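Subject: Structure handover

Hi,

Here is the structure for your files. Please open it alongside this email.

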Amino acid sequence: MRKLENRELDRKSVEAFKEADKMPIIIVLDDIRSLHNIGSVFRTADAFLIEKIYLCGITATPPNKEINKTALGATETVTWEHNSDVLEVIENLKKEKVTVLAIEQVESAVFLQDFTIEKDKKYALVFGNEVHGVSQEAVAVCDGCIEIPQLGTKHSLNISVSAGIVVWDLFKKMKWNL
């Protein structure tokens, strides 16, 4: 077995990425404190051809040296927009017929493995603050909530880890109907 070299990976150029058909997934980051988490989410969004990222509240925006450390150029490929009000973003997405889902531990949440993708639907995934999670106000206006099951002593995952897990799961369900 031999590791592939970068030239063998058939990576898209920035122009090809921008022109490529995107996955019908939007990421909403609300009040994310860590610049490294923001950059990591950009990198995940690039890897899975995510349509757009909304940066809300105190979430920092590119260009930013600390975001770039983990984004590794993904801020140049992934479409993003800042809006100080996450509730406005959620309401606007719902008006556009996007199904908005908070990634949070709430009553009646659907476990990620049990969540079923509906064909021809677009989804927005709301990830909240590292300490407080998705605000109750935002949860209340979402169409539903997805929870990542956890079996250990901790009750939460890092936001960038959560985004990677959820995006991968939805990606494989959309792409391969799993």
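Below are notes on a helix, a strand residue and the cysteines.

The model is predicted: local features need pLDDT of at least 70, side-chain atom pairs count only at pLDDT 80 or more, and totals for chains, interfaces and linings use all residues. Residues are numbered from 1 along each chain as its sequence is written, and side-chain values use heavy atoms, with hydrogens and water left out.

Helix H4 covers residues 86-95. Helices (H or I, at least four residues) and strands (E, at least two) are DSSP runs, numbered from the N terminus. Val86, Val89, Ile90 and Leu93 are buried in H4, meaning under 20% relative accessible area with a 1.4 Å probe, protein chains only. These buried residues fall within an arc of 95 degrees seen down the axis, so they line one face of H4. The arc is taken from the directions from the helix axis to the C-beta atoms. Their packing partners include strand E1 (23-30), E4 and helix H5 (136-141). At the start of H4, a side-chain oxygen of Asp85 comes within 3.0 Å of the backbone nitrogen of Leu87. Lys97 follows H4 with a positive phi, near 70 degrees.

Thr99 sits in strand E4 (residues 99-103). Thr99 is buried, at 13% relative accessibility. Beyond four places in sequence, its contacts (heavy atoms within 4.5 Å) include Lys121, Tyr123 and Asp143.

Disulfides (cysteine sulfur pairs within 2.5 Å) come to 0. The sulfur of Cys56 is 11 Å from the closest cysteine sulfur, in Cys142, too far for a bond. For Cys142, the nearest cysteine sulfur is that of Cys145, 6.0 Å away. Cys56 is buried at 0% relative accessible area, and Cys142 is buried at 11%.

Best wishes

Conventions
Buried < 20%, exposed > 50% of the residue type's maximum accessible area, 1.4 Å probe, protein only. Polar contact = N/O pair within 3.5 Å; in protein donor to acceptor, adjacent residues only side chain to side chain.
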